[in-house]
Amino acid sequence: METILSLLAILTGLLVRLAIPILVTALLIFALRKLDAHWQKEAQAPLAIEKPDCWKIKGCSPEQIENCKGASSPLPCWQAYRSPNGYLREECLSCKVFLDAPMPTLHIEPRRM
């Protein structure tokens, strides 16, 4: 009888020391994967960007408009001219078009349960 109780105590100790942390880790992994999937879906959602006609505001000539990367891009001009490292050009930071532009809004679908 004493042997069975000792064996039961060892098994209970193993359960507490191994199984419960593994279960908690598995639940944490599951929750983080769901959160990552939600963030990935949210990142794919299009931003409502209202593109200002900067060439009209600045009064550019037709030749300038034809050669302008901002006019032919679906993005606002300051995004089209963004440098490869992600920085905005210095002249964009003080431009009237950039300063007067509305902030983009993110449209998130309601959660379905």
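Accessible areas here come from the Shrake-Rupley method with a 1.4 Å probe.

**Figure 1. Overall architecture of the predicted model.** The structure shown is a predicted model. The accessible surface of the chain comes to about 9900 Å², and carbon and sulfur atoms account for 64% of that surface. The chain contains 7 helices and 2 strands, and their order along the sequence is α-β-α-α-α-α-α-α-β. Of the 113 residues in the chain, 12% are buried. When contacts between residues at least 6 apart in sequence are considered, 44% of them join residues at least 24 apart.

**Figure 2. Nonpolar surface patch that includes Ile10.** Six residues, namely Leu7, Ile10, Leu11, Leu14, Leu18 and Ile22, form a nonpolar patch on the surface. Together these residues have about 610 Å² of accessible area. Ile10 lies in helix H1, which covers residues 2-44. The relative accessibility of Ile10 is 52%, so this residue counts as exposed.

Figure 3. The largest nonpolar core of the model has 7 residues. Its members are Cys54, Trp55, Cys77, Trp78, Cys92, Cys95 and Val97. At least two residues of this core are supplied by helix H2 (54-58), and at least two by helix H5 (77-80).

**Figure 4. Surroundings of Trp78.** Trp78 belongs to the largest nonpolar core. With residues up to four places away in sequence left out of the count, Trp78 touches Pro52, Leu88, Cys92, Val97, Phe98 and Ala101. Two of these partners, Cys92 and Val97, are also listed in the largest nonpolar core.

Figure 5. A search of the whole structure returns 0 disulfides. For Cys60, the closest cysteine sulfur is that of Cys54, at 6.4 Å, and a bond is therefore ruled out by distance. Cys68 is likewise in no disulfide; the nearest cysteine sulfur to Cys68 is again that of Cys54, 5.4 Å away. For a disulfide, the two sulfur atoms would have to lie within 2.5 Å. Cys60 is partly exposed, at 29% relative accessibility, whereas Cys68 is buried, with a relative accessible area of 18%. Cys54 itself is a member of the largest nonpolar core.

**Figure 6. Salt bridge between Asp53 and Lys56.** Side chains of opposite charge can pair when their charged atoms come close. Across the whole structure, 3 salt bridges are found. One of them joins Asp53 to Lys56, with the closest N and O atoms 3.4 Å apart. Asp53 has a relative accessible area of 31% and is partly exposed, while Lys56 is exposed at 60%.

**Figure 7. Salt bridge between Arg89 and Glu91.** Arg89 and Glu91 form a salt bridge in which the closest N and O atoms are 1.9 Å apart. Arg89 counts as partly exposed, because its relative accessibility is 31%.

Figure 8. Asp100 and Lys96 meet through their side chains in a salt bridge, with an N to O distance of 2.6 Å. Both residues lie in helix H7 (residues 96-100). Because Asp100 and Lys96 are 4 residues apart in this helix, about one helical turn separates them. Asp100 and Lys96 are both exposed.

Terms used:
Residues numbered from 1 in each chain as written. Predicted model: local features only at pLDDT ≥ 70, side-chain atom pairs only at ≥ 80, totals over all residues. Heavy atoms only, no water. Patch = residues over 30% accessible without salt bridge, like charges linked within 9 Å, V, L, I, M, F, W, Y side chains within 5 Å. Salt bridge = Lys/Arg side-chain N within 4 Å of Asp/Glu carboxyl O. Buried < 20%, exposed > 50% of the residue type's maximum accessible area, 1.4 Å probe, protein only. Contact = heavy atoms within 4.5 Å. Core = buried A, V, L, I, M, F, W, Y, C linked by side-chain atoms within 4.5 Å.
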